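I'd like to walk you through one model, so let me put it up on the screen.

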Amino acid sequence: MKGRIYYFTGTGNSMRAARVIASQLTDTEIVSMRADPKDYPATDCEIVGFIYPVYHWTMPAPAVSFVEGLDINPNAYVFVVAMPSFVCGIACEKLAEILKKKQIDIDYGNIVYSVANYVIVYPPFPSAKLRVPKTERKLKDIASRIARREKKEYPRAGRYIRRKRDRVMKPYLELQKYADNPFTISEDCISCGLCTRVCPCKNLTLVDGKPVFQHHCANCMACVVSCPKRAIGYEITAGDRKLLDASTSKTPLVKIMGLPKKRKLYMNPYITTKDLTKENETWQKEAKQEKSS
Ligand SMILES: Cc1cc2nc3c(=O)[nH]c(=O)nc-3n(C[C@H](O)[C@H](O)[C@H](O)COP(=O)(O)O)c2cc1C
Ligand code: SF4
Ligand code: SF4
């Protein structure tokens, strides 16, 4: 085994990145971080990559747990690609901190700015038409650099972001504690179960044909954008709103959190809902076939 790229994704940007980079490397497979890290160790890998979105100026919590549980070859070439929309914050530093405890350094780190997908707060922006071609170009460039085993310091948060992080992001991190409480399932739900299969956190199960949230949600947006009936909504109740207003009065975006029925949704144009449901083995087999054809 030569390489493994581990990715976490909600709406496909990071999965697409993993796929583009893997296509430039020899014998490298991509592995979703929704798997158990013990089933996909990197102990025999020469290249190990980590690709994930940025949540609240840091690394998504499920990606943190995954990497913490992963065994890695200490001599591997290790890279990270963070996929924020605008502010990367400490997303790469957080990974470096976890790897440091395993005595592993990052050889190459970069950021690829992507379409912002937090659709329960705002419509996707900038438009996919504008941003995706730029993202694709940068991914191809990064892929060729990684293929040449180039070295590059991973990006770090600037002084301003570091100073503001606690105050600006605290409300969102507080919200994470009950991230899936405001989700609603409408009458339009046809009990297809797709939302349960796309969820990277195994946070949804069907009970009597209706999805039930299990309270370990990352707010990744996969279920929201994949539902064929737009049956998943997001509405903070009056009680929760009161609590939020008391604790987060200085953060306007938290105040407007909600998902109007007409809001535009986003999924990376190269990734389908079906791709998000695939188990690692199926996905790898298909990627190999595609590469050899
Ligand atoms: C819960 C949540 C929090 C986010 N926080 C940030 C952030 O702090 N900074 C940023 O630039 N983008 C943020 N985003 C946008 C995503 O990082 C970005 O759209 C990413 O490319 C999505 O990747 P994916 O398609 O692989 O899920 C956030 C998105 C979500 C869903
Ligand atoms: S994807 Fe939508 S329609 Fe299908 S079970 Fe989930 S909520 Fe219902
Ligand atoms: S429940 Fe939905 S938003 Fe939460 S982690 Fe699963 S797919 Fe993402």
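Let's start with helix α1, where Asn 13, Ser 14, Met 15, Arg 16, Ala 17, Ala 18, Arg 19, Val 20, Ile 21 and Ala 22 are buried. Buried here means under 20% relative accessible area, with exposed over 50% and partly exposed in between, using a 1.4 Å probe and protein chains only. Helices are DSSP runs of H or I with at least four residues, strands are runs of E with at least two, and both are numbered from the N terminus. With 10 of its 11 residues buried, α1 is largely enclosed by the rest of the structure.

Quick housekeeping. This is a predicted model, so local features need pLDDT of at least 70 and side-chain atom pairs count only at pLDDT 80 or more, while totals for chains, interfaces and linings use all residues. Residues are numbered from 1 along each chain as its sequence is written, chains are lettered from A and ligands numbered from 1 in the order in which they are written, and side-chain values use heavy atoms, with hydrogens and water left out.

Now, the other helix I like is α3, residues 91-100, which is mostly covered, with seven of its 10 residues buried. Those are Ala 91, Cys 92, Glu 93, Leu 95, Ala 96, Ile 98 and Leu 99.

On to some single residues. Arg 4 sits in strand β1, residues 3-7, and counts as buried, with a relative accessible area of 12%. The C-alpha atoms of Arg 4 and Ile 30 are 5.7 Å apart, although 26 residues separate the two in sequence. Leaving out residues up to four places away in sequence, Arg 4 touches a whole list, including Thr 28, Glu 29, Tyr 40, Pro 41 and Cys 45. A polar atom of the Arg 4 side chain is 2.7 Å from the backbone oxygen of Pro 41. That's a polar contact: a pair of N or O atoms within 3.5 Å, where within protein one must be able to donate a hydrogen and the other to accept it, and residues adjacent in sequence count only if both atoms are side-chain atoms.

Asn 73 counts as buried, at 15% relative accessibility. The Asn 73 side chain reaches the backbone oxygen of Cys 45 at 2.9 Å, and a polar atom of that side chain also lies 2.9 Å from the backbone nitrogen of Asn 75.

Then there's Thr 135, in helix α4, residues 128-147. Thr 135 is buried at 9%, and beyond neighbours within four places in sequence, its contacts are Met 83, Val 112, Tyr 113 and Ser 114.

Next, the ligands. Around ligand 1 there are 22 residues, and the closest are Thr 9, Thr 11, Ser 14, Trp 57 and Val 115; near means a heavy atom within 4 Å. Which backbones make polar contacts with ligand 1? One of its oxygen atoms is 3.2 Å from a polar backbone atom of Gly 12, a nitrogen atom is 3.0 Å from one of His 56, and an oxygen atom is 2.7 Å from one of Phe 86.

Ligand 3 has 14 residues around it, with Cys 199, Asn 203, Cys 217, Cys 220 and Cys 223 coming nearest.

The largest pocket holds about 630 Å³. Its lining has 35 residues, and Val 54, His 56, Ser 85, Tyr 118 and Tyr 122 are the closest to its centre. Helix α5 gives the most to that lining, with four residues. For the record, on a 1 Å grid over the protein atoms alone, a pocket is an open set of points with protein on both sides within 12 Å along at least five of seven lines, a cavity is a set where a 1.4 Å probe fits but cannot get out, and lining residues have an atom within 4 Å of a point. Points are joined across faces, edges and corners, and a volume is the space filled by probe spheres set on them.

Conventions: Contact = heavy atoms within 4.5 Å.
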